[in-house]
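Subject: Structure handover

Hello,

Here is the structure you are taking over. Please open it beside this message and follow along.

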Amino acid sequence: MPSIETVEREAMEAVAAASSTQELRELEIRFLGKQGVLTGLLRAIGQLPPEEKPRFGQQVNAAKARVQAAIDERERELKRLENAARFERERIDPTMPGRRWRVGRRHVLQATADRIKAVLGGLGFEYLESPELELFRYNFEALNYPPDHPAMDEQDTFYIDDQHLLRTQCTAIQGRVFERRKPPLRVFTIGRTYRNENVDRTHGHTFHQVDCFMVDEGVSMAHLKGTLGQFARSMFGSDVRVRFRPDFFPFVEPGVDYAISCPFCGGSGCAVCKGSGWIELGGAGLVHPNILEAYGIDTDRYSGFAFGLGVERIPMMSHGIDDLRHFLENDLRFLEQFPS
Ligand code: FA5
């Protein structure tokens, strides 16, 4: 059996050498715990003569108290060191400049679409969605296309199979609405359209259109002119004028293309309008009677107008953007320039 002094010395040396609080805990158990070495000495008390027992007990307990005090002292010291090391490790520099949060914003095309929705909504038109993956039937057949029309060619249209295609125009909504609703109708949609185009600054394979139509009693070109005039003034300012020229689309009769007076030069001619004073926006006309009749709408009583235009055109003009490909490239340096 080792002497009290030997065990105490061994314990004191181990405590002094301990390099972590974890190690101290282990020493505490090893020397002072119920099964500990110092505590174990007390078990020998039974073999001592009765007169020595109290003194031996006191000596063991005093040694235990000293070892405990040494452990407590070393623990305080180690905690200080451990904390200092942790603070060093987790040190932060409050003078460092903060990281700037990038706040999300509406895409410029979304902001334009929202403006269009507000304007046409304000004129009493109802916004409806229509599928991008469309049936040949709605994109062409229901819109009075003759069977040999070149727009239906694979060179112009992305076909999925015999019956399905990516819509080439938002006008495809018309048949879907005529099928389910009866006049009076005032409807518009805004969405993606796709064409198998040779891509350049003003032509994308993927772009956006607004398509709007109205069917009611006595609707005429005057209503179309009034609506498009109001639309153009709301989008581009109160001085803008609208010009119509005859054009052909299978689904309108008469058909027109329409332009607005250049908002940059007021019509006198500049670089944006290439000197013409006018900027073409889209196509329009009176809904072809063949279409109304195909959906059982009485053409003696009802007539309608329709118009469609490219959404990209609007911010291109308002912000002087010369290449439509920027809109879908998602370069934040481009997109962050616009108010959201
Ligand atoms: C049409 O798509 C007709 N559906 C518009 C219409 C609706 C006419 C209702 C009559 C009645 P058009 O193919 O011209 O027409 O396209 C209309 C507008 O979409 C164009 O003026 C142009 O602004 C835009 N657009 C057409 N093709 C592209 C393209 N590849 N890239 C970007 N914009 C385009």
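Two strands pair if DSSP finds at least two bridges between them. Strands (E, at least two residues) and helices (H or I, at least four residues) are DSSP runs, numbered from the N terminus. This is a predicted model, in which local features need pLDDT of at least 70 and side-chain atom pairs count only at pLDDT 80 or more, while totals for chains, interfaces and linings use all residues. Residues are numbered from 1 along each chain as its sequence is written, and side-chain values use heavy atoms, with hydrogens and water left out.

The sheet

Seven strands make an open sheet with mixed pairing, in the order E1-E4-E5-E9-E8-E7-E6. Its edge strands are E1 (126-127) and E6, each of which pairs on one side only. E1 runs parallel to E4, and two bridges join them. In this pair, Glu-126 stands opposite Val-187 of E4.

Pro-246 has Val-256 in E7 as its bridge partner.

Backbone details

E7 also holds Pro-254. The peptide bond between Glu-253 and Pro-254 is cis, with omega about -5°. Another cis peptide bond runs from Pro-183 to Pro-184, where omega is near 5°. Pro-184 belongs to the loop between helix H7 (173-180) and strand E4 (185-194).

Asn-144 has a phi near 70°, which is a positive value in a residue other than glycine. Its place is the loop between helix H6 (136-139) and strand E3 (164-166).

The ligand

Which residues come nearest to the ligand? Of the 23 residues around the ligand, they are Gln-169, Thr-171, Arg-195, Gly-204 and Gln-209. A residue counts as near a molecule or strand if one of its heavy atoms lies within 4 Å of it. The shell is made up of nine nonpolar, 10 polar and four charged residues. Here Ala, Val, Leu, Ile, Met, Phe, Trp, Tyr, Cys and Pro count as nonpolar, Asp, Glu, Lys and Arg as charged, and the others, Gly among them, as polar. Strands E5 (206-217), E8 (278-287) and E9 (302-310) each supply at least two residues of this shell.

Three pairs of atoms between protein and ligand can be looked up in the model:

- Arg-195: a polar side-chain atom is 2.8 Å from an oxygen atom of the ligand.
- Gly-204: a polar backbone atom is 2.9 Å from a nitrogen atom of the ligand.
- Gly-310: a backbone N or O atom is 3.3 Å from an oxygen atom of the ligand.

Taken alone, the ligand exposes 670 Å², and the protein buries 88% of that. Accessible areas come from the Shrake-Rupley method with a 1.4 Å probe; for residues, only the protein chains shown count as cover.

Regards

Conventions
Polar contact = N/O pair within 3.5 Å; in protein donor to acceptor, adjacent residues only side chain to side chain.
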